[in-house]
Amino acid sequence: MSRVYNFSAGPAVLPEEVLKEAADEMLDYRGTGMSVMEMSHRSKAFETIIKEAEADLRELMNIPDNYKVLFLQGGASQQFAMIPMNLMKNKVADYIVTGQWAKKAWQEASKYGKANKIASSEDETFSYIPDCSDLPISEDADYVYICENNTIYGTKFKTLPNTKGKTLVADVSSCFLSEPVDVSKYGIIYGGVQKNIGPAGVVIVIIREDLITEDVLPGTPTMLTYKTHADADSLYNTPPAYGIYICGKVFKWLKKMGGLEVMKQRNEEKAKILYDFLDESKLFKGTVRKEDRSLMNVPFVTGDKDLDAKFVEEAKKAGFENLKGHRSVGGMRASIYNAMPKEGVEKLVEFMKKFEEENA
């Protein structure tokens, strides 16, 4: 068996030792005689799994006591509706649209109230983050929404927007646990785990307790009310149990690696290798304004569609998977999440240099 270098944007590469550990426990989890896949979510064994996962995540992110951690289903996309349903008391929210996912969230919120697009970078194919230091924040806005790292376009907020005292809600799906974060700056910080933390099927929502109320929009389903899940410690219904178990293993791996400060250093090192090459290459070029570049998702192009296709095809043969860019940007994209080893990025750059020489 040979493992490829998997540059997929999600579901994405997971730490090898986590996968091996899960494989060892597949048939018999710690003497229970069964797999976590077969286990009741009401069992003592699973209760330990979910509680430990939450405790480790709290430690990694230094989550304040007045925030709840919820392990939910429906992916980040379900949060696009759940957030306005629970938070839009005045029926007004402000959205900063820096990519496809923020745009979808804004469109969804528009069904529940007045969703104002107060800034956007759509004019240049979302290749930059707009200046958010003095935005026209609505006086009666219930919250201000951002997608902090844009998976498709490879941009990242380096400075959080000035929300002028309004609650900040952030989708961090593709930069979750890639660097330290001050949770207290957010009302809600959430993300699908399938990019940097675990298998598809789990979304983690970290929400300040004062935002968890029974005062939700009329008609909000029981399952889409934060209070339902907060009151039941994420066990109101059967949770995505196996996914949570893998997330818990990744949290332990992150702690073992040295935590989020160390991950940030590692991620900066990896990204620098790739960006430095793109900046000096005569064939390849990055598509994002330098100061807004993501450490997680790196889009690049040759400027020739046929050559892009040839690169993706040859890269695949050489063991580099999932480098085709999103259809809205074209070209290529390398997603270099926490679990991508530095060696994978070095080998990719080596291959890109060779391709450039052969196709100059």
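# A tour from the aromatic cluster outward

Select Y5, F7, F277, F284, F300, F311, F320, F351 and F355: together they form one aromatic cluster. Rings of Phe, Tyr and Trp (its six-membered ring) pair if their centres lie within 6.5 Å; planes under 30 degrees apart count as stacked, over 60 as edge-to-face and the rest as tilted.

Before moving on, note that this is a predicted model, in which local features need pLDDT of at least 70, side-chain atom pairs count only at pLDDT 80 or more, and totals for chains, interfaces and linings use all residues. Residues are numbered from 1 along each chain as its sequence is written, and side-chain values use heavy atoms, with hydrogens and water left out.

Pick Y95 and Y143. Their ring centres are 5.8 Å apart and their planes stand at 70 degrees, so this pair is edge-to-face. Y95 is in strand 3 (residues 92–97), while Y143 is in the loop between strand 4 (114–120) and strand 5 (144–147), so the pair ties together parts that are 48 residues apart in sequence. Helices (H or I, at least four residues) and strands (E, at least two) are DSSP runs, numbered from the N terminus. Y95 is buried at 1% relative accessibility, and Y143 is buried at 0%. Buried means under 20% relative accessible area, exposed over 50%, partly exposed in between (1.4 Å probe, protein chains only).

Now return to F284 and F300. This aromatic pair is edge-to-face, with 5.8 Å centre to centre and 80 degrees between the planes. F284 sits in the loop between helix 7 (260–280) and strand 11 (285–286), and F300 in strand 12 (residues 297–301), so the pair ties together parts that are 16 residues apart in sequence. Both F284 and F300 are buried.

**A lysine over a ring**

Show W106 and K117. K117 lies over the face of W106, 4.4 Å from the ring centre. The rule: NZ of Lys or CZ of Arg within 6 Å of the ring centre and within 35 degrees of the ring normal.

**Annotated positions**

UniProt positions are given in the numbering used here, feature names are shortened, and annotations may be inferred rather than shown by experiment. Over residues 4–348 the chain is 33% helix and 17% strand, with the end C-alpha atoms 11 Å apart.

Next, select A76, S77, W101, T151, D171, Q194, N237 and T238, which UniProt lists under "binding site" (unreviewed entry). They spread over 163 residues of sequence and, in space, up to 30.4 Å between C-alpha atoms.

Zoom in on D171, in strand 8 (residues 168–171). D171 is buried, with a relative accessible area of 3%. Beyond residues up to four places away in sequence, D171 touches A76, F80, Y145, I146, C147, E148, N149, Y190 and G191. Contact means heavy atoms within 4.5 Å.

Then go to Q194, in the loop between strand 9 (188–192) and strand 10 (203–208). Not counting residues up to four places away in sequence, Q194 touches G10, P11, A12, P199, A200 and V202.

R42 also carries the "binding site" annotation from UniProt (unreviewed entry). Find R42 in the loop between helix 1 (16–24) and helix 2 (44–61). At 52% relative accessibility, R42 is exposed. Leaving out residues up to four places away in sequence, R42 touches L235 and Y236.

**Backbone stops**

Most residues other than glycine have a negative phi, and most peptide bonds are trans. Three places to check follow.

- G10 and P11 are joined by a cis peptide bond, with omega about -10 degrees. P11 is in the loop between strand 1 (5–6) and helix 1.
- F126, not a glycine, has a positive phi of about 55 degrees. F126 lies in the loop between strand 4 and strand 5 and is buried, with a relative accessible area of 5%.
- S234 has a positive phi near 65 degrees. S234 lies in the loop between helix 5 (226–231) and helix 6 (241–257) and is buried at 3% relative accessibility.

**One more loop residue**

Select I137, in the loop between strand 4 and strand 5. I137 is buried at 14% relative accessibility. I137 and D94 are 43 residues apart in sequence, yet 6.8 Å apart C-alpha to C-alpha.
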